[in-house]
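Student: I have a structure open and would like to learn how to read it. Could you walk me through it?

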Amino acid sequence: MENVNQSGNIATIIGVADATHYLVGLTDAGNNFVGLTGQGAGECVHSIVEAKALLKSHDYSVANLEYQTAYDEMCGLDNVGKYQQVINL
């Protein structure tokens, strides 16, 4: 599998600037961040290595990596202009 599951959800890792953790989950068709089962919240891990391993354990080989600033998160800004990159796991 690549980075899209059967439901069309995209494997996603979110990093927030200056945070000591990453959020791992899926981005659905409505651009909502959801857990790896397609519902609930994403999982919190302490490193990008842990994030990659978690997605690999769910049979993903590629993920979208997105970085946000704390300001973006506080203000609820749209995804436009955020740093995003597709990475191999």
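This is a predicted model: local features need pLDDT of at least 70, side-chain atom pairs count only at pLDDT 80 or more; totals for chains, interfaces and linings use all residues.

Student: How many helices and strands does the protein chain have?

Tutor: Helices (H or I, at least four residues) and strands (E, at least two) are DSSP runs, numbered from the N terminus. Here there are two helices and six strands, and along the sequence they follow the pattern β-β-β-β-α-β-α-β.

Student: What share of the residues is buried?

Tutor: Buried means under 20% relative accessible area, exposed over 50%, and partly exposed in between (1.4 Å probe, protein chains only). In this protein chain, 35% of the 89 residues are buried.

Student: Which residues have the most contacts inside the largest nonpolar core?

Tutor: A nonpolar core is a set of buried Ala, Val, Leu, Ile, Met, Phe, Trp, Tyr and Cys residues joined through side-chain atoms within 4.5 Å. The largest one here has 16 residues, and Ile13, Val24 and Leu55 have the most contacts inside it. Strand E1 (10–16), strand E2 (22–27), helix H1 (48–57) and strand E5 (62–68) each give two or more residues to this core.

Student: What is Val24 in contact with?

Tutor: Contact means heavy atoms within 4.5 Å. Leaving aside neighbours within four places in sequence, the partners of Val24 include Thr12, Phe33, Leu36, Ala51, Leu54 and Leu55.

Student: Which residues of H1 are buried?

Tutor: In H1, the buried residues are Ala51, Leu54 and Leu55. They lie on the same side of H1 because they cover an arc of only 95° around the axis, where the arc is that of the directions from the helix axis to the C-beta atoms. Their cover includes E1, E2, E4 and E5. On the face turned away from that buried side, H1 carries the exposed residues Val49 and Ser57. After H1 comes Asp59, with a positive phi near 70°.

Student: How does E5 pair with other strands, parallel or antiparallel?

Tutor: Two strands pair if DSSP finds at least two bridges between them. E1 and E5 run parallel, joined by five bridges; in this pairing, Val16 has Gln68 of E5 as its bridge partner. With strand E6 (residues 83–88), E5 pairs in the antiparallel sense over six bridges, and Ala63 has Ile87 of E6 as its bridge partner. E5 is mostly covered, with five of its seven residues buried.

Student: Is Glu66 buried or exposed?

Tutor: Glu66, in strand E5, counts as buried because its relative accessibility is 7%. A polar contact is a pair of N or O atoms within 3.5 Å; within protein, one must be able to donate a hydrogen and the other to accept it, and residues adjacent in sequence count only if both atoms are side-chain atoms. The side chain of Glu66 makes such a contact with the side chain of Gln84 (2.8 Å).

Student: Where does Glu43 lie?

Tutor: Glu43 is in strand E4 (residues 43–45), and counts as partly exposed because its relative accessibility is 39%. Beyond neighbours within four places in sequence, Glu43 is in contact with Tyr22, Leu23, Val24, Leu36 and Leu54. Glu43 and Tyr22 are 21 residues apart along the chain, with their C-alpha atoms separated by 8.2 Å.

Terms used
Residues are numbered from 1 along each chain as its sequence is written. Side-chain values use heavy atoms; hydrogens and water are left out.
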